[in-house]
Amino acid sequence: MKRRRIAVWALVGLVSLASVNSACIGPVIGPAGGEWGQNADYTGFDPRTLNRGGAADYTILVPLSKLFYGRVTARRFDSLATFEDPALREFFRSDSAFADYYAAFAEALARSHFESNRPTEVHLEAIDRTEPSRVRVRVRFVGENGLPLRWWSTQTVREDIWDFESGRWWITPGKV
């Protein structure tokens, strides 16, 4: 009887620990307790206005970037499910542009030793308007360190170019 009680309490403890950890595993977007882009540095435009005189609609850029980067951190990045995700591909002009982005980002995660190539947090650091319809978005990805005996987290910073063309925003990958 005593063994059964101990086993039940151990099982309850494991289940409660797993539920607490699973609640913390999802991607954290933005600073703790803050909105996406709340503390970001915006250069050359105001993300809350229509930015009259500009060639692009900047009011949708911040929510759109939240959608994209949230999707990137939703699962392990170097998996077939992520590579074939149609929602991610919608941000690129062509399949080859997405493949270039995917390869470069997967390599950056591997070089930074992300455990399972999965970022757990993403923070919007800055959006800089470089041309009337082009911005540079700088984001910082944070995740668990995949190297043995490394209990601290790892991170990588990525700068993506977003172009406004034909009434929508496109991500232009860098050269691989």
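## Exercises on a nonpolar core and its surroundings

Of the 33 residues in the largest nonpolar core, those that touch the most other members are Phe68, Tyr69, Val135 and Trp162; such a core is a set of buried Ala, Val, Leu, Ile, Met, Phe, Trp, Tyr and Cys residues joined through side-chain atoms within 4.5 Å, where buried means under 20% relative accessible area, exposed over 50% and partly exposed in between, with a 1.4 Å probe and protein chains only. The model is predicted, so that local features need pLDDT of at least 70 and side-chain atom pairs count only at pLDDT 80 or more, while totals for chains, interfaces and linings use all residues. Residues are numbered from 1 along each chain as its sequence is written, and side-chain values use heavy atoms, with hydrogens and water left out.

**Exercise 1. Find which element gives the most residues to this core.**

Step 1. The elements are DSSP runs numbered from the N terminus, with helices (H or I) of at least four residues and strands (E) of at least two.

Step 2. At least two core residues come from each of α2, α5, β3, β4, β5 and β6.

Step 3. The most is given by α5, with seven residues.

**Exercise 2. Describe α5, its buried residues and what they pack against.**

Step 1. Helix α5 has 17 residues and reaches 24 Å from its first C-alpha to its last, close to the 24 Å expected at 1.5 Å a residue, the expected span being 1.5 Å times one less than the number of residues.

Step 2. Among the buried residues of α5 are Phe98, Tyr101, Tyr102 and Phe105.

Step 3. The buried residues of α5 pack against α2 (61-72), α3 (80-83), α4 (86-89), β4 (134-144), β5 and β6, where contact means heavy atoms within 4.5 Å.

**Exercise 3. Classify the ring pairs Phe68 with Trp162 and Phe92 with Tyr101.**

Step 1. Rings of Phe, Tyr and Trp (its six-membered ring) pair if their centres lie within 6.5 Å, and planes under 30 degrees apart count as stacked, over 60 as edge-to-face and the rest as tilted.

Step 2. By this rule there are 18 aromatic pairs.

Step 3. The ring centres of Phe68 and Trp162 are 6.1 Å apart and their planes stand at 85°, so this pair is edge-to-face.

Step 4. Because Phe68 lies in helix α2 and Trp162 in strand β5, the pair ties together parts that are 94 residues apart in sequence.

Step 5. The rings of Phe92 and Tyr101 have centres 5.1 Å apart and planes at 50°, so they are tilted, and both residues are buried.

**Exercise 4. State how β3 is joined to β2 and to β4.**

Step 1. Two strands pair if DSSP finds at least two bridges between them.

Step 2. Three bridges join β2 (residues 41-43) to β3, and these strands run parallel; here Thr43 stands opposite Asp128 in β3.

Step 3. Nine bridges join β3 to β4, which run antiparallel, and the two strands form a hairpin with two residues between them.

**Exercise 5. Decide whether His113 and Ser166 are buried, partly exposed or exposed.**

Step 1. His113 lies in the loop between α5 (95-111) and β3 (121-131), and Ser166 is found in the loop between β5 (153-165) and β6 (168-172).

Step 2. His113 has a relative accessible area of 36%, so His113 is partly exposed, whereas Ser166, at 71%, is exposed.
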